[in-house]
Amino acid sequence: MRLILKNQVMKEQVLDKELSAYLSSNRIKIEDNGFTENLMKRLPPARKYGFLIYAFIIIGLLVALFTPGYEILVSQLYSFMGSLISFKMPSVEAIIITVSVTFGAILLFNITYDEGLA
Amino acid sequence: MSQTDDLFLVSRVILFDDRKAFDSLVRKYQGGIRRFFLHLTFGNTETSNDLSQETFIKAYLYLRSFKGSARFSTWLYRIAYNVFYDHKRSMHKELPLEMDGGKELGTHNYGISDQIHMNIDVMESLKVLKEEERIAIILFYLEDFHYDKISDIMKCPVGTIKTHLHRGKEKLATYFKKSGYERTSIG
């Protein structure tokens, strides 16, 4: 009984490998050939948000520079780095600020990179 | 591009309606989605391209409902699966899709007709399968999804997916054996 089951499993594994090899070798590779471009034209009109992102960045930077915000930001980033160097748990504020700044920087880099500015 | 990149692009589309980010997602997944529909329609390029476009437009419109816990590809194929069934329902009174495969290639075939002619054996072999078996086989062997992801896409238990795959494999082996494909050693 065990031998029959073993044979069954082996047969299944062989079939699996052969089918996989056959279908993979016959897999169609589909090039874009204008599909994406055509699709993008069919999307609903874009919301004009681009200028808002840059407006908020500039406003945010100005507010931070002329208020204690800038100092708080820098001190929390230093505090985060200091905690890591001394193997201590950073404060919640430091973690939130560091994560926000990192995420914002990556987001900004991605947008400017896509637009060919970076 | 990894899953993290996908999440990043998705968040850009949701937050800023960033078309370039959506463009990148479409370019990444168009090949797989179009191939999925191409196999489901037995090589009908016009229908498969239309269904692919519908899938991506729906994905764009409902992107906010995407939960980061699932993979973006799984979520996208789930939409494609639903789009296919909606299309089937709308075509119910007309010719079944099995009869639709031999239709003339459409004007918007984006240069894939030659490859389909080369791939006619695979298209023909898929006709011996029941629809659920065919979808499971396509997702497993041609789109490289694992059981649990196929289960998420088809919204049925993993055990059922394994049954579909097992039956599908048996039928394909018999088909290839009958068609004289011993040289590929299948069956």
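I count a DSSP run of H or I of at least four residues as a helix, and helices are numbered from the N terminus. I keep in mind that this is a predicted model.

**Entry 1: chain B overall**

I looked up the secondary structure of chain B. It comes to ten helices and zero strands. From the N terminus on, I read α-α-α-α-α-α-α-α-α-α. Chain B has 187 residues, and 38% of them are buried. Next I checked contacts in chain B with a separation of 6 or more. Residues 24 or more positions apart account for 63% of these.

**Entry 2: helix α10 of chain B**

I then turned to α10(B), which covers residues 158-178. How many residues does this helix have? I find 21. From first C-alpha to last, α10(B) reaches 30 Å, close to the 30 Å expected at 1.5 Å a residue.

Which residues of α10(B) are buried? My list holds Ile161(B), His164(B), Leu165(B), Gly168(B), Lys169(B), Leu172(B) and Phe176(B). I looked down the axis of α10(B). Its buried residues fall within an arc of 135 degrees, so they line one face of the helix. The face turned away from that buried side carries the exposed residues Gly159(B), Lys177(B) and Lys178(B).

I also looked just past the end of α10(B). There, Gly180(B) takes a positive phi of about 75 degrees.

**Entry 3: α9 against α10 in chain B**

Two packed helices are described by the angle between their axes and the distance between the axes. I looked up both values for α9(B), residues 147-154, and α10(B). The angle is about 100 degrees, and the axes are 9 Å apart. That makes α9(B) roughly perpendicular to α10(B), because angles of 65 to 115 degrees count as such.

Which residues make the contact? From α9(B) I noted Tyr147(B), Asp148(B), Ile150(B), Ser151(B) and Met154(B). From α10(B) I noted Val158(B), Ile161(B) and Lys162(B). Ile161(B) was also on my buried list. By type, the contact residues divide into five nonpolar, one polar and two charged.

**Entry 4: chain A meets chain B**

Last, I checked the contact between the two chains. It takes 28 residues from chain A and 33 residues from chain B. On the chain A side, α1 (2-25), α2 (35-42) and α5 (92-114) each supply at least two residues. Which helix gives the largest share of that side? The answer is α1(A), with seven residues. I sorted the chain A side by type too: 13 nonpolar, six polar and nine charged.

Note on methods
Residues numbered from 1 in each chain as written. Chains lettered and ligands numbered in written order. Predicted model: local features only at pLDDT ≥ 70, side-chain atom pairs only at ≥ 80, totals over all residues. Expected span 1.5 Å × (residues − 1). Buried ≥ 20, exposed ≤ 12 C-beta atoms within 10 Å, placed from the backbone. Arc of directions from axis to C-beta. Contact = placed C-beta atoms within 7 Å. Nonpolar A, V, L, I, M, F, W, Y, C, P; charged D, E, K, R; others polar. Axes fitted to C-alpha atoms, helices over the stretch in contact; angles between N-to-C directions. Parallel < 35°, antiparallel > 145°, perpendicular 65-115°, else oblique.
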